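The sequence and structure come first.

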Amino acid sequence: MVGKGAKGMLAMEEAGDASVSPGAGRGVNEWRRHTHSTPSVHPKMAAAQGPVDPSSPEQMSWRMISQPLHTGVEGTSHSLHPAESGEAWAQGEAIPTRDITHEAYEDESENGFMPDEDHSLQRGNWGNQIEFVLTSVGYAVGLGNVWRFPYLCYRNGGGALLVPYFVMLIFCGIPIFFMELSFGQFASQGCLGVWRISPMFKGVGYGMMVVSTYIGIYYNVVVCIAFYYFFSSLTSVLPWTYCDNPWNTPNCVSILENPNITKSTQPSAMLGNVSQALNQTLQRTSPSEEYWSFCVLNLSDDVGNFGEVQVHLLSCLLVSWVVVFFCLMQGIRSSGKVVYFTATFPYVVLTILFFRGVTLEGASTGIKYYLTPQWDKILEAKVWGDAASQIFYSLGCAWGGLITMASYNRFHNNCYRDSVVISVTNCVTSVYAGFVIFSVLGSMANHLGEDVSQVAEHGPGLAFVAYPEALTLLPIAPLWSLLFFFMLILMGLGTQFCLLETLVTAIVDEVGNQWILQQKIYVTFGVAVAGFLLGIPLTSQAGIYWLLLMDNYAASYSLVIISCIMCVSIMYIYGHQNYSEDVQMMLGFPPPCFFQICWRFISPTIIFLILIFLVIQYQPITYNQYRYPSWAEAIGFLMALSSVICIPFYALFHFRRTDGDTLLQRLKNSTKPSRDWGPALLKHRTGRYAPTIPPSPEDGLEFQPLHLDKAQIPMVGSNDSSRLQDSQMNTCMSLGNSEVPAPPSSTGCQGLPSRGP
């Protein structure tokens with residue numbers, strides 16, 4: 001019995017065979033074969049060049065295709081590793097695939113499903129392009145936009161930092177961002193699978209996974225702290241407003257309790273009791289600072305003194321990981337819907353806080369301090385180094401997340417436009433957040449009679465000490481506190497979604513069998529559980545020490561090195577011309593000349609200079625007045641090394657497994673693209689990726705015609721003679737093991753046994 005879905009396919013088939021283009025006809029043939037034939041053999045070889053006369057001598061050579069197979073509907077599709085398919089074809093064996101009956105298509109048809117030409121049924125795609133843009137914005141716009149960029153501005157001359165900041169955005173940020181998006185989108189693979197472009201450098205992908213693992217562990221701890229502050233704000237009076245709490249010390253002085261303890265009133269106080277006034281001023285600690293140190297963290301005195309796990313933080317960490325898991329349990333199908341809220345609502349909160357902040361007394365002082373350029377600093381190398389590093393880190397380059405998110409794009413999506421929009425949005429958000437932060441800090445400085453530089457801090461201190469204290473000065477303080485920390489939670493979750501999805505996608509793509517594709521939810525659950533367990537030590541009394549250690553080392557030097565090697569391997573090993581042609585095939589136009597120049601020369605140079613700057617400007621890590629011991633710094637460098645060392649280790653591993661008569665030949669074979677490099681879907685393999693095998697009616701396989709003088713076309717990225725030899729060998733193997741007799745004109749194939757009658 002033929003269902004309605006099958007009948008619909010028959011109608012499409014009749015119309016398609018007569019009128020559609022070769023590429024579209026191939027898609028129709030694929031649906032027809034799944035609908036009417038028993039898919040016990042290779043189902044996805046289609047005739048892309050029209051009918052071929054079987055009696056034509058020059059068309060009697062055949063070669064089998066070795067590439068990823070994408071068959072069937074989601075949940076019932078089968079993926080065969082290219083190497084496995086190539087070996088099976090070489091032996092003349094039928095390749096088993098998962099049964100896909102016409103009933104499956106009938107059900108999908110009844111539900112109004114009609115796969116388009118750019119949709120991957122196996123991996124899935126974003127529901128629409130807005131989901132990808134919002135997810136990428138949520139990934140790039142994170143907690144660093146709130147606490148790191150404003151700090152760098154006032155530390156490096158205020159508005160003077162904006163000049164090198166936008167210069168670095170144009171010459172380094174956007175080009176690298178575009179490279180990673182186009183890289184993942186072209187291959188439709190995560191940070192491991194894309195390195196089919198040059199298998200020897202697959203260690204770069206493993207390095208990205210290690211970096212994302214470190215960041216994912218400590219980043220969610222920051223999110224859990226924001227959760228705790230959010231829950232603590234559900235009260236009529238914020239707990240860090242006054243000094244009458246059990247955790248407060250005698251040095252605690254609240255702004256609201258003692259408004260006269262300011263620098264402006266110190267002279268009159270000194271007339272009465274100089275020593276008492278000095279001690280009270282110098283030893284003053286704010287209630288928000290004591291709440292952070294003694295209540296939230298219950299801070300120990302040393303990085304090696306873990307003490308007890310803080311149950312309240314552990315509970316919030318569990319909540320944050322549960323939220324992340326449930327938002328990602330269905331992959332991009334669920335996270336793509338969540339980002340409509342998590343990526344947009346922070347801007348609503350920022351706008352509310354902005355208008356509230358600029359209306360405060362003294363807000364203009366903070367904004368003026370934030371924007372006033374100190375032009376004498378613009379010539380300092382440190383300012384340019386900070387600007388470059390902020391652009392590099394805030395965009396999330398070399399974390400693997402950009403490649404992963406882009407891998408779920410439709411093949412012909414305009415990722416060039418997306419890279420510009422997302423990069424500019426991220427940078428504008430940083431500048432906008434600076435207004436929000438410094439308007440409130442300016443009001444606080446005006447209230448205290450201090451300079452703005454004395455009330456603002458770097459890192460967590462800005463988000464969890466200075467800004468919360470400033471919020472206590474506002475009417476209805478709990479409301480503003482709820483909004484602020486809810487914004488931090490959403491910003492953190494947006495980044496955390498992509499970090500977790502990067503790891504899950506890399507694992508699933510690397511294993512690549514049918515079972516793991518169907519059980520992806522369990523992979524997500526396993527990664528989430530591992531992340532929760534590894535984050536438990538960071539909720540101890542020494543947790544903040546280790547969090548800052550990971551933040552300073554795990555994602556600093558290693559990111560720069562990984563990104564530099566990625567540029568060099570793509571531009572100089574694979575070849576900038578090959579990559580430009582790939583982008584043109586995908587987008588319909590080549591990368592602009594400016595981007596090609598940046599990829600080849602400017603961006604790698606800037607990245608290398610950032611690395612030099614980080615080394616020259618290195619200072620031992622500290623937290624407030626605590627200086628880390630040397631053994632802790634050694635652990636930090638080991639964390640940084642653990643991701644970078646993946647690159648040479650995997651290169652040696654792959655080199656040893658590569659065939660070749662000489663070391664030079666093995667090196668060439670190790671760096672040239674693998675046979676399955678290219679677009680994931682057969683319909684997108686055009687140009688030099690186009691398969692050339694005609695159909696064989698005897699065994700139900702789909703072939704395409706191949707001219708012997710074009711046998712080297714399917715091999716990409718190298719012009720050496722071994723490409724032609726490998727391709728000719730595939731041709732001969734196919735001839736020797738198929739039931740099709742070898743044509744007399746096939747040179748180099750004499751003597752091969754034939755399985756035909």
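Helices (H or I, at least four residues) and strands (E, at least two) are DSSP runs, numbered from the N terminus. The model is predicted, so that local features need pLDDT of at least 70 and side-chain atom pairs pLDDT 80 or more, while totals for chains, interfaces and linings use all residues. Residues are numbered from 1 along each chain as its sequence is written, and side-chain values use heavy atoms, leaving out hydrogens and water.

**Annotated site**

The unreviewed UniProt entry annotates Gly-138, Ala-140, Val-141, Asn-145, Ser-394 and Asn-426 as "binding site". These positions are spread over 289 residues of sequence but cluster in space, with a largest C-alpha distance of 11.3 Å. UniProt annotations may be inferred rather than shown by experiment; positions follow the numbering used here and feature names are shortened.

| Residue | Helix | Relative accessible area |
|---|---|---|
| Gly-138 | H5 (residues 129-140) | 10% |
| Ser-394 | H16 (residues 381-394) | 10% |

Gly-138 counts as buried, and Ser-394 is buried (under 20% relative accessible area; exposed is over 50%, partly exposed in between, with a 1.4 Å probe and protein chains only). Leaving aside residues up to four places away in sequence, Gly-138 touches Ala-343, Met-491, Gly-494 and Thr-495 (heavy atoms within 4.5 Å). With the sequence neighbours up to four places away again not counted, Ser-394 touches Ala-140, Tyr-165 and Asn-426.
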